[in-house]
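Open the model in your viewer and keep the selection tool at hand. The stops below follow one chain.

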Amino acid sequence: MGAFLLGSEVRCAMRNQESKAKQEDGDRIGIFPSWKSLYISVVVYTAALIAVLYLLTVLLDFSVR
Amino acid sequence: MTAPDWAVFVLYFGAVLAFAYWQSRKNVGVEGYFLANRRLGWGAIGLSVMATQASAITYIGTTGQAFDDGMEFVQVYLPQPVAMVILCVIFVPFFYRSKVFTAYEYLEKRFDPKTRSLTSLLFLFSRGMAAGIVLYAPAIVLSVIMGWEETITIAIMAAVTILYTLMGGITAVIWTDVIQMVMMFVGIGLALVVLFATLASGVGMGDVVYIGGIQEMWTSIDLSWDPTNTYTLWSGLIGGLFLALAYFGTDQSQVQRYLTASSLKQSRLSLIFNAFVKVPMQFFILAIGVLLFVFYHFEQPPLVFNPAEVAIVQESDRAGEYRDLEAQHAEIHGLRREATLALLEARRGGGDVAAWQGQIAAHDEELARLRGASKTLVSEVRGASSNDVNYVFPSYLIQYVPAGILGLLIAVIFAAAMSSLDSELTALSSATVIDFYQRYVKRNASDDHYLAVSRLATLFWGLFSFGIALYAGQLGSLIEAVNQVGSFFYGSLLGVFLLAFGVRSANGTGAFFGLLAGMGSVFLVSLFTDVSWLWYNVVGTVSVLVAGTALSSILSSPGAARAK
């Protein structure tokens, strides 16, 4: 119950901050239509990095086991 | 170093000082000195954030680590982009809008003076000691490799950094960080090019990738679940995420950077810039280490890279043992070189690569045994553990890099050290003046007075770090203790800030004792378990959040009334 309340408070604070930030900064950030899309692209970029590094790990392992 | 190297070196220092002087004219008052009058753009701040994190040990130590263990260290950096997003959404708006000078100042606005003072004090203690290590670590390596006097190396780095930080405050620091970061990017590129150029003739890029691959040096992702191992994807993603949040979100040396932005948008973009650039940069630095590993398949590496340690052993009564190890090492290396060339031939001609790989693996095992034996010998003779990995890259530079480029690459190592030290000096002086002097000693003095005190504080911390660096060699276990204490409270500090941002019911007394409970929990975990230090950050954060929330509901505090 405590953890749920904590989580909801954090989410609530995040939502408040995000809405204020949107008002202050406007919508468009370079080629990104919004902050949300920029943040999502960072998360996708991180996932892509992990995938590429995993591929490197697998494809560049030339050891004979 | 030759005359062209010295010319490049002197030119670099001259350019940094001249640029800092030029930038210093833009500073006005304490806000100018500590926050550049909040008018900088994301590009300069982003590069400064990056330069602050990348110390000389990033160059020297990380390349050496990749030389020994491959690319797996990169996993620690993987959560950084996501950490930057979390910082942009939660941390930066709170700091930016509250118009604070230090991260800890915000905690008084939200909680109470004792929480602010404790967190600021913890920062001063750990960063003050760390600033000395930032100076000492590269100085000792460069002194040994270049044959320079250690005190003079430390003094040059400290004097130049203190001078431009005193002159121009954060403006000079951030703009010189920009130059130094550009130098570091150039240095990484140059080091990779030079490494390829100095490879044995006939060995191409495909061969380099292949030789690294047969030894699993390109292994960047380890999916195993082992919390005692720092270098797994899960330790990196979870522990590394909390570490990155704590470092970039609660450490004044980073928070101060994005408080200098002209707007919240610029502040956030500086972190997003880091989100995109940091991991590739770290990847290429580690790749230098793997290339060095391949390079030394064709060139004879020293058995021990640190010449000072070699000299100590050679002068001891166990010199004969070392000579024997060296002779065996040279012989086995020669055999591995032949086997490696034969393997490349077999690969091109469709021969039996498995047989040659087997031979190389056997030679590698023997070489590793000899390296281990030499390390033990050095440790026994010196009476202290050996950290030879820090000498691998500088040793290569001095032996194989052409004149002119060597000067530039050595300047890059200096740049990395100075760009971390300058940020730490401005952060330490801002916490000293804003969190303690202005708060407890003199509340309503003039701007000129605070500016003068700020410069004095910068000078004090500069001399303090210089003193720590001079005696760091004799402090040994104390340095380890300081690092350990740092990892004890980093996660706990993050917990206090999350409590401030996210838990409305939290109050000052709950946060203060929650912080102590968090540090205590980490201490117990370190004492009774073998989990990797990366997880201490998770333990500290969660403990503070749970204890702080619970204690806040039990204990009352005047801070609760002010809670936003």
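Begin with a loop: select E216(B), which sits between α9 (205–214) and α10 (233–250) of chain B. Helices here are DSSP runs of H or I with at least four residues, strands are E runs of at least two, and both are numbered from the N terminus. This is a predicted model, in which local features need pLDDT of at least 70, side-chain atom pairs count only at pLDDT 80 or more, and totals for chains, interfaces and linings use all residues. Residues are numbered from 1 along each chain as its sequence is written, while chains are lettered from A and ligands numbered from 1 in the order in which they are written.

E216(B) is not a glycine, yet its phi is positive, about 60 degrees. Most residues other than glycine have a negative phi. With 16 other C-beta atoms within 10 Å, E216(B) is partly exposed (buried means 20 or more such atoms within 10 Å, exposed 12 or fewer, partly exposed in between, with C-beta atoms placed from the backbone).

Next, select A36(B), in the loop between α2 (29–35) and α3 (42–53) of chain B. Its phi is also positive, about 55 degrees, and A36(B) is not a glycine either. Is A36(B) buried or exposed? A36(B) counts as buried, having 29 C-beta neighbours inside 10 Å.

Finally, show helix α4 (residues 56–69) and helix α16 (residues 392–400) of chain B, whose axes come within 7 Å and cross at roughly 100 degrees. That makes α4(B) roughly perpendicular to α16(B) (the class covers 65 to 115 degrees; under 35 is roughly parallel, over 145 roughly antiparallel, the rest oblique).

Definitions and conventions. Axes are lines fitted to C-alpha atoms, for helices over the stretch in contact, and angles run from 0 to 180 degrees between N-to-C directions.
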